[in-house]
Amino acid sequence: MSTISVVIPCYNDAGFLAVCLAALAAQTRPADEVIVVDNRSTDASAAVARAAGARVVPAPAPGIWPTAAAG
């Protein structure tokens, strides 16, 4: 069976991230790895990700493309 990795770029979206991570956890075939790429969030995004068991990768360059590429 193949492995599944999910990369989620995130910037100050802790509430939506929690919903997203809960939905991923409820999938029939859960991801083998969930990576949340934190783009310098000032809210609880990184803490929410860690609490859900996701790996948090920092992305210092602003913007969706550098953040997604960091994942």
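Predicted model: local features only at pLDDT ≥ 70, side-chain atom pairs only at ≥ 80, totals over all residues.

1. Helix α1, which runs over residues 14-25, has 12 residues, and the distance from its first C-alpha to its last is 16 Å, close to the 16 Å expected at 1.5 Å a residue.

2. Within α1, the residues Ala14, Leu17 and Leu21 are buried, and because they cover an arc of only 55 degrees around the axis, they lie on the same side of the helix. An α-helix has 3.6 residues a turn, so residues three or four places apart point the same way. The cover over the buried residues of α1 includes β1 (5-10), β2 and α2 (45-51), whereas Gly15, Phe16 and Val19, on the other side of α1, are exposed.

3. The structure holds 2 salt bridges. In one of them, arginine 29 pairs with aspartate 32, with the closest N and O atoms 3.0 Å apart; arginine 29 is partly exposed, at a relative accessible area of 28%, and aspartate 32 is likewise partly exposed, at 47%.

4. A salt bridge also joins the side chains of arginine 55 and glutamate 33, at 3.3 Å from N to O. This pair links distant parts of the chain, since arginine 55 belongs to strand β3 (residues 55-58) and glutamate 33 to strand β2 (residues 33-38), 22 residues apart. Arginine 55 is partly exposed, with a relative accessible area of 48%, and glutamate 33 also counts as partly exposed, at 30% relative accessibility.

Methods. Residues numbered from 1 in each chain as written. Heavy atoms only, no water. Salt bridge = Lys/Arg side-chain N within 4 Å of Asp/Glu carboxyl O. Buried < 20%, exposed > 50% of the residue type's maximum accessible area, 1.4 Å probe, protein only. Helix = DSSP H or I, 4+ residues; strand = E, 2+ residues; numbered from the N terminus. Expected span 1.5 Å × (residues − 1). Arc of directions from axis to C-beta. Contact = heavy atoms within 4.5 Å.
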